[in-house]
Amino acid sequence: MIEKGKISSFQMAVMMYPTIIATAILVIPAISAEAAGRDLWLSPFWALGTGFVTIAIAIKLHSYFPKETVIEYCPKIIGKVPGKIIGLLFLLFYLHINGVIIREYTDFVIGIFLMETPMIVVIASMVFVSALAVRAGLEVLARTAEMFVPIVLFIIFVIIVLLLSEIDFDNIFPIFEEGITPSFLGALMPSSWYSEFFLISFLLPYVANPNKALRWSVMSLLLISFSLMVTNLVVMLLFGLITEDLSYPLMSAARYISIADFFENVEAVVMALWVAGAYVKIAVFYYALVIGTAQWLDLSNYRPVVFPIGMLLVIFGVWVTPTFTEMRELLGATSPVYLPFVQTLIPLFLLVVVIVKKRMRNRSQENEQVHS
């Protein structure tokens, strides 16, 4: 195998938590509120179906090809040339998406805290730190996630507790004012983020106890959904219908926190949450891209491509969109189709082909036995 390290199913699940929620917790409330209104807190729950299906597909494909990633088994499923093309599509997709993630991180950091810092400095510094982690291997990434995730969960919990005195329950009523449809439309955004669970297809070959992968992945998905539901609910109770007009509702909520004129400026804590979570997310996408590229090129070692791909990520981070407004429009308009198509529908197609081929092979063997 190209990766010598091993992780547990629990570590994989821990890695996936910030990989999904790091960007979702700041961006999704505002975008979902445009469609769901007061019912946006229910949208992450309705979106669970996409997460369950994506996880099931990744696990099932892994059961047929237990020592290979999607880049490796694509040619075995649909033929060498089409398989290489689909593999390249996955790699270009993760290159583009990681560029979007890096730009989200950069726009947030510069827009809120480092207004005078050149964009290229923020992007390059994060990519360089992530490159060091990716080059160190999967086990280092897993241990980094294990260190950061409890901190992120604790910060989210503290922020929500400190905001309880500011919330107004009248903001959530009437529930289902326009029926259940708006909350389903609001679920399009979190469902696109949940499709990112297909990243486990790049991790499963290196999981020491894959028999527990399904259980831990589902638990990670449920924790993500619960975190988003609670965050969306608190934001709605605090801001009401103006939530959709806020760029970063959770950051705006943190600015409300003030205890005895002493415990203030909590937005710096949100900044720490964002940086820690974004670092893990960027590193996991970066790792999948590096491993996949090395396998697509039939290399025996993935480390030589780490820094060249890092340079591409810096370029994509700058190039992907000119402004934050266009970034939000990109996420709101294209993500609900773009992300699930590549990470759920294409893998589903691969799985169907595998199942059909297996059944045809079994029938052929049965016919041979009958005739013999």
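Is Pro 174 buried, partly exposed or exposed? Keep that in mind while selecting the parts below.

**Colouring by confidence**

This is a predicted model. Colour the protein by pLDDT: the mean is 87, and 95% of the residues reach 70 or more. Then select helix α3 (residues 48-64), which has the highest mean pLDDT among the elements, 95. Helix α11 (residues 249-254) has the lowest, 77. Where pLDDT is low, the predicted coordinates should not be read in detail.

**Helix α5**

Next, select residues 80-112, which form helix α5. From the first C-alpha to the last, this 33-residue helix reaches 48 Å, close to the 48 Å expected at 1.5 Å a residue. Show the surface around α5: the helix is mostly covered, with 24 of its 33 residues buried.

**The largest pocket**

Now move to the largest pocket, with a volume of about 190 Å³. Select its lining: Phe 10, Ala 13, Val 14, Tyr 17, Glu 146, Val 149, Pro 150, Leu 153, Trp 216, Met 219, Ser 220 and Leu 223. The elements that give two or more residues to this lining are α1 (9-36), α7 (138-163) and α10 (213-239). By type, the lining residues divide into 10 nonpolar, one polar and one charged.

**Pro 174**

Finally, select Pro 174, in the loop between α7 and α8 (181-186). As for the opening question, Pro 174 is partly exposed, because its relative accessible area is 39%, and partly exposed covers the range between under 20% for buried and over 50% for exposed.

Terms used. Residues are numbered from 1 along each chain as its sequence is written. This is a predicted model: local features need pLDDT of at least 70, side-chain atom pairs count only at pLDDT 80 or more; totals for chains, interfaces and linings use all residues. Side-chain values use heavy atoms; hydrogens and water are left out. Helices (H or I, at least four residues) and strands (E, at least two) are DSSP runs, numbered from the N terminus. The expected span of a helix is 1.5 Å times one less than its number of residues. Buried means under 20% relative accessible area, exposed over 50%, partly exposed in between (1.4 Å probe, protein chains only). On a 1 Å grid over the protein atoms alone, a cavity is a set of points where a 1.4 Å probe fits but cannot get out, and a pocket is an open set with protein on both sides within 12 Å along at least five of seven lines; lining residues have an atom within 4 Å of a point. Grid points are joined across faces, edges and corners, and a volume is the space filled by probe spheres set on the points. Ala, Val, Leu, Ile, Met, Phe, Trp, Tyr, Cys and Pro count as nonpolar, Asp, Glu, Lys and Arg as charged, and the others, Gly among them, as polar. pLDDT is the predictor's confidence in each residue, from 0 to 100.
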